[in-house]
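Me: I'd like to learn how to read a fold like this one feature by feature. Could you walk me through it?

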Amino acid sequence: MRVFAIHEDEIDKNNPIGMLIYYERSNHFIIELCDFLDEWNAPLLFASFVKKGLFTIPHQYAKLWVQERVIPTGRQNIGMILKNAKLTKYDECKLLWLSRGKSSQDSCYLKEVKENEIPEWLKERQENNIYESFPYVDGRIICLLRNDTAIEVDLTKCMDEVPKLYSVLKNERLLSTLTVDQGGYGITFNDNIFIEKRILIDNGVILPIYAKVFDAFAKHSIINTTEACEILECSRQNLNYFVKQNLLHPIKDSWKENVFLKGDVTGNV
């Protein structure tokens, strides 16, 4: 992860107007704007967000802002440009940093921020980011937030803002592809259907249980094949026999080793 402060001298020469966060593995950009901005002094692309009181800019729009500031891949002499920049391949983040994020569209520019220099307001805002999420039942999912809150979300309530969810709710296989987006700013289905954190929280119901409870449950109650054999003092062959006889019920059997609930092992065999 790399973090850049977004500066705009016409607003405040000393303090940034926001932070640009780059996640290298997924090549995703997120922009967190300072909440003192209004629709008139925010970058034009984000004015509509700020007008609604939204200061976290989703990655698809943050990427558009970045693309305004880097040389496009279709540039006629792109090969020579990359060679002069000592790049072996096109890299948006490196090209962005080479130009310090400057653009003819505005007077914004970037300064890289070290991890220990990340402002407290950004850390506090990220406290309700998602660190885990999983399908539950009947089109509902559970999201565990970094601030130790657990919420249940009925995905049908999110369909107005994310119409593509209709295909997810009709297909259990697609539902099972749920992953947390990098940084915890949302979740993704099938690598292309994104729901931002704000939509999930707005439509979620806080559960009367701490998110850490799920961690404790996983550590105590979920065991693999080796652990199950040790508890039952049996071989893997015997364990497979118990599964075939419906005495044991793996909660996940797509791995090289099955995964069981500890109580199912100790209570049924």
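Reply: Happy to. Keep in mind that this is a predicted model. Let's begin with the hydrophobic interior. In soluble globular proteins, nonpolar side chains tend to be buried together. Here the largest nonpolar core has 27 residues, and those with the most contacts inside it are Ile6, Leu20, Phe29, Ile31, Leu33 and Trp65. Two or more residues each come from E1, E2, E3, helix H1 (47-51), H2, helix H3 (78-84), helix H4 (92-98) and E5. A second, separate core of 19 residues includes Ile141, Val162, Ile195 and Leu200.

Me: Which residues is isoleucine 31 in contact with, leaving aside its neighbours within four places in sequence?

Reply: With that exclusion, isoleucine 31 touches Ile6, Met19, Leu20, Phe46, Phe55, Thr56, Ile57, Ala62 and Trp65.

Me: What is the strand order in the open sheet of five strands?

Reply: The order is E4-E3-E2-E1-E5, and the pairing is antiparallel. Strand E4 (56-57) and strand E5 (108-113) are the edges, each pairing on one side only. Helix H2 (residues 59-67) lies across E1, strand E2 (18-23), strand E3 (28-33), E4 and E5, at about 95° to E3.

Me: And the open sheet of four strands: which strands stand at its edges?

Reply: That sheet is ordered E6-E7-E8-E12, again with antiparallel pairing. Strand E6 (130-135) and strand E12 (204-210) are at the edges; each has a single partner strand, so one side of each lacks a neighbour in the sheet. On average, neighbouring strands here are turned by 25° against each other, direction ignored. E6 is joined by five bridges to strand E7 (residues 140-145), the two running antiparallel, and serine 133 stands opposite cysteine 143 in E7. Helix H9 lies across E6, E7, strand E8 (149-154) and E12, at about 55° to E12.

Me: How should I read the side chains along a strand?

Reply: In a regular strand the side chains alternate between the two faces of the sheet. In strand E11 (residues 193-196), Ile193 and Ile195 point one way while Phe194 and Glu196 point the other, and all are buried. E11 runs antiparallel to strand E10 (residues 186-189), with four bridges between them; isoleucine 193 is the bridge partner of phenylalanine 189. Their hairpin has three residues between the strands, and asparagine 190 takes a positive phi near 55° there.

Me: Last one: how do I describe two packed helices?

Reply: Two packed helices are described by the angle between their axes and the distance between the axes. Helix H10 (residues 225-232) and helix H11 (residues 236-244) pack at about 95°, with axes 10 Å apart. H10 and H11 are therefore roughly perpendicular to each other. Thr225, Thr226, Ala228, Cys229 and Leu232 of H10 meet Arg236, Leu239 and Phe242 of H11. By class, this contact has five nonpolar, two polar and one charged residues.

Conventions. Residues numbered from 1 in each chain as written. Predicted model: local features only at pLDDT ≥ 70, side-chain atom pairs only at ≥ 80, totals over all residues. Heavy atoms only, no water. Pairing = 2+ DSSP bridges. Contact = heavy atoms within 4.5 Å. Axes fitted to C-alpha atoms, helices over the stretch in contact; angles between N-to-C directions. Parallel < 35°, antiparallel > 145°, perpendicular 65-115°, else oblique. Nonpolar A, V, L, I, M, F, W, Y, C, P; charged D, E, K, R; others polar. Core = buried A, V, L, I, M, F, W, Y, C linked by side-chain atoms within 4.5 Å. Buried < 20%, exposed > 50% of the residue type's maximum accessible area, 1.4 Å probe, protein only.
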